[in-house]
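Please read these notes with the model open beside you. They move from the whole chain to single residues.

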Amino acid sequence: MVVTMTPALLMLVGAAVTLIALVIVHLRPTGLNPMRDPVSQYGITAYRAWYWTAAGGAALAGVGAALFFSTIGTVIAQITVVLLVVFFVARALIGFFPMDEPEGERTRTGRIHNLLATAAFASVTAAAFTGAGALHDGGLAGASAWSTVLGVVMAVGAVGLLVGRRVRGIFGIAERLIYAGFILWFVMLGVLTLTRA
């Protein structure tokens, strides 16, 4: 498995930028409730630049992960690359399509936002599972197990999003579980790449 420093740097810097931007925007006086309100709602506040920064950081990490898996050379690794390209595109574009106001009119921009958010969360969750297979095939059983665990974390968050549409008060925490899962996944892959360089 050929590795370089570039994927590691992209994943680690991207994950760090995402995490720092999210922490900062969560500490701003937005009036939003992290348990209930979606992360995307920060993108329609006065602090939207932090949301855009977090989305850009995630996109950057997605590029690094795609580069990492492109070096493995198996079919499952290439599927993972495709999923990560979808994640990258969705995260890179989502800032240009803000969500609708919660009690406002439904708009085309808001529908595109929802599609991009769904594409990002579904693709990165699937990538953690297919990536686990690629890591296993590459002789990295420990990393494969962690990839599976973090995929489960994201999947639980995704189920929580579906439940949260009907049960008030858990949508925000479920979405943040997905964020935590993919941030940790990128960090794990970045550290793995550095240790094997």
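1. Start with a term. A contact means heavy atoms within 4.5 Å. Among contacts in the protein with a separation of 6 or more, 72% join residues 24 or more positions apart.

2. Know what you are looking at. This is a predicted model, where local features need pLDDT of at least 70, side-chain atom pairs count only at pLDDT 80 or more, and totals for chains, interfaces and linings use all residues. Residues are numbered from 1 along each chain as its sequence is written, and side-chain values use heavy atoms, with hydrogens and water left out.

3. Now the elements. The protein has six helices and zero strands. From the N terminus the order is α-α-α-α-α-α. The radius of gyration is 16 Å, close to the 16 Å that the globule rule gives for 197 residues, so the protein is as compact as a globular protein of that length. Helices (H or I, at least four residues) and strands (E, at least two) are DSSP runs, numbered from the N terminus. The radius is taken over C-alpha atoms, and the globule rule is 2.2 Å times the number of residues to the power 0.38.

4. Next, extent and surface. The C-alpha trace spans about 50 × 30 × 30 Å along its principal axes. The accessible surface comes to about 9200 Å², and 71% of it belongs to carbon and sulfur atoms. These areas come from the Shrake-Rupley method with a 1.4 Å probe; for residues, only the protein chains shown count as cover.

5. How much of the chain is buried? Buried residues make up 46% of the 197 residues. Buried means under 20% relative accessible area, exposed over 50%, and partly exposed in between (1.4 Å probe, protein chains only).

6. Look inside. The largest nonpolar core has 51 residues, and F69, F182, W185, F186 and L189 touch the most other members. Each of these helices supplies at least two core residues: helix 1 (5-27), helix 2 (48-70), helix 3 (75-94), helix 4 (108-137), helix 5 (141-164) and helix 6 (171-196). Helix 6 gives the most, with 11 residues. A nonpolar core is a set of buried Ala, Val, Leu, Ile, Met, Phe, Trp, Tyr and Cys residues joined through side-chain atoms within 4.5 Å.

7. Which residues does L189 contact, leaving aside neighbours within four places in sequence? They are M11, A65, F68, F69 and L135.

8. Compare two loop residues. V39 sits in the loop between helix 1 and helix 2, and M35 lies in the loop between helix 1 and helix 2. V39 counts as buried, at 1% relative accessibility. M35 is partly exposed, at 44%. Beyond neighbours within four places, V39 contacts L22, Y51, E175, R176 and Y179. By the same rule, M35 contacts G169, I170, F171, G172 and I173. M35 and A174 are 139 residues apart in sequence, yet 8.1 Å apart in space, C-alpha to C-alpha.

9. Finish with two helix residues. I76 is in helix 3 and is partly exposed, at 25% relative accessibility. Leaving aside neighbours within four places, I76 contacts T130, G133, A134 and D137. T193 is in helix 6 and is buried, at 1%. The C-alpha atoms of T193 and T6 are separated by 9.4 Å, though the two lie 187 residues apart along the chain.
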